[in-house]
Amino acid sequence: MKHLKELYDTRYSQTWEIREPADHIVDFARTLKKAVLILDVGCGAGRNSFFLAREGLHLIGLDISLNALKLASERNQKEKTQCIFVIGTFLNLPFSEGRFDAAFSSYAIENVSLENIKRALSEMKRVVKKGGMMLITLHSPKHWRFRQGKEIANHEFLTFQMIKNKKVEIVTHFFDKEEAERLFQNLGLKLLSIREVLRTDEKQRAHWIAILEK
Ligand SMILES: C[S@@+](CC[C@H](N)C(=O)[O-])C[C@H]1O[C@@H](n2cnc3c(N)ncnc32)[C@H](O)[C@@H]1O
């Protein structure tokens with residue numbers, strides 16, 4: 001996990017997609033009541049948190065990368081938004097049970113093993129109120145990174161990136177629709193909708209967008 005943190009810290013010292021919210025978060029906002037408390041898991045520089053705050057929601061963003069949270073805090077001050085940013089890991093959320101009306105994780109609980117995805121989802125479920133909504137994204141096998149590196153479990157691959165002359169390990173699990181549905185069912189989460197989104201720039205990126213209810 002320390003290695004992954006280095007990867008993200010480095011990413012956020014360059015600039016990355018940090019301003020505009022993801023389309024699925026814009027859609028998700030329409031399903032949420034105003035003035036409720038939302039958790040943004042793996043918030044990065046906070047692009048989705050800021051969008052939802054401007055829509056009248058209360059936001060807590062959590063991320064493991066200090067560089068990302070510095071960018072988020074600077075923007076929070078500059079734009080006079082009231083988001084709260086917290087450093088921590090989604091494997092062990094530092095919040096009490098049922099604290100949030102809804103939680104989402106956009107492109108964040110993805111570069112970890114299936115076991116850790118289950119743990120992160122259980123944590124999100126724990127901190128959301130009964131009946132609360134969750135949105136998560138998962139990698140689909142149509143992503144260009146599918147089958148890159150060494151297969152360490154079914155549909156789970158280990159790849160490496162060089163960060164500051166150090167080899168950093170990245171584990172990615174790719175879900176077909178049935179496996180994603182089984183995952184949610186086994187965790188006792190009601191699947192409200194699931195769709196596959198393909199984005200192609202230089203290479204094809206493919207994700208599932210799932211909306212769940214606790
Ligand atoms: C691809 S970025 C997405 C950021 C943001 N959700 C967005 O859409 O702009 C993934 C984020 O997940 C964070 N992350 C990775 N592992 C984490 C962990 N174990 N706990 C909390 N955040 C983590 C990274 O630091 C990074 O900011």
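Author: What follows covers the chain as a whole, its core and one hairpin. This is a predicted model, in which local features need pLDDT of at least 70 and side-chain atom pairs count only at pLDDT 80 or more, while totals for chains, interfaces and linings use all residues. Residues are numbered from 1 along each chain as its sequence is written.

Reader: How many helices and strands are there in the protein chain?

Author: The protein chain has six helices and 10 strands, counted as DSSP runs (H or I, at least four residues; E, at least two) and numbered from the N terminus. Its radius of gyration, taken over C-alpha atoms, is 16 Å, close to the 17 Å that the globule rule (2.2 Å times the number of residues to the power 0.38) gives for 214 residues, so the chain is as compact as a globular protein of that length.

Reader: And which residues touch the most other members of the largest nonpolar core?

Author: Among its 53 residues, these are Val 41, Ala 103, Phe 104 and Met 134. Such a core is a set of buried Ala, Val, Leu, Ile, Met, Phe, Trp, Tyr and Cys residues joined through C-beta atoms within 7 Å, where buried means 20 or more other C-beta atoms within 10 Å of a residue's own, with C-beta atoms placed from the backbone.

Reader: Switching topic, how do E7 and E8 run?

Author: Strand E7 (residues 156-163) and strand E8 (residues 166-173) run antiparallel, joined by eight bridges. In their hairpin, which has two residues between the strands, Lys 164 takes a positive phi near 45°.

Reader: What stands opposite Gln 161?

Author: That is Val 168, in E8.

Notes:
Buried ≥ 20, exposed ≤ 12 C-beta atoms within 10 Å, placed from the backbone. Pairing = 2+ DSSP bridges.
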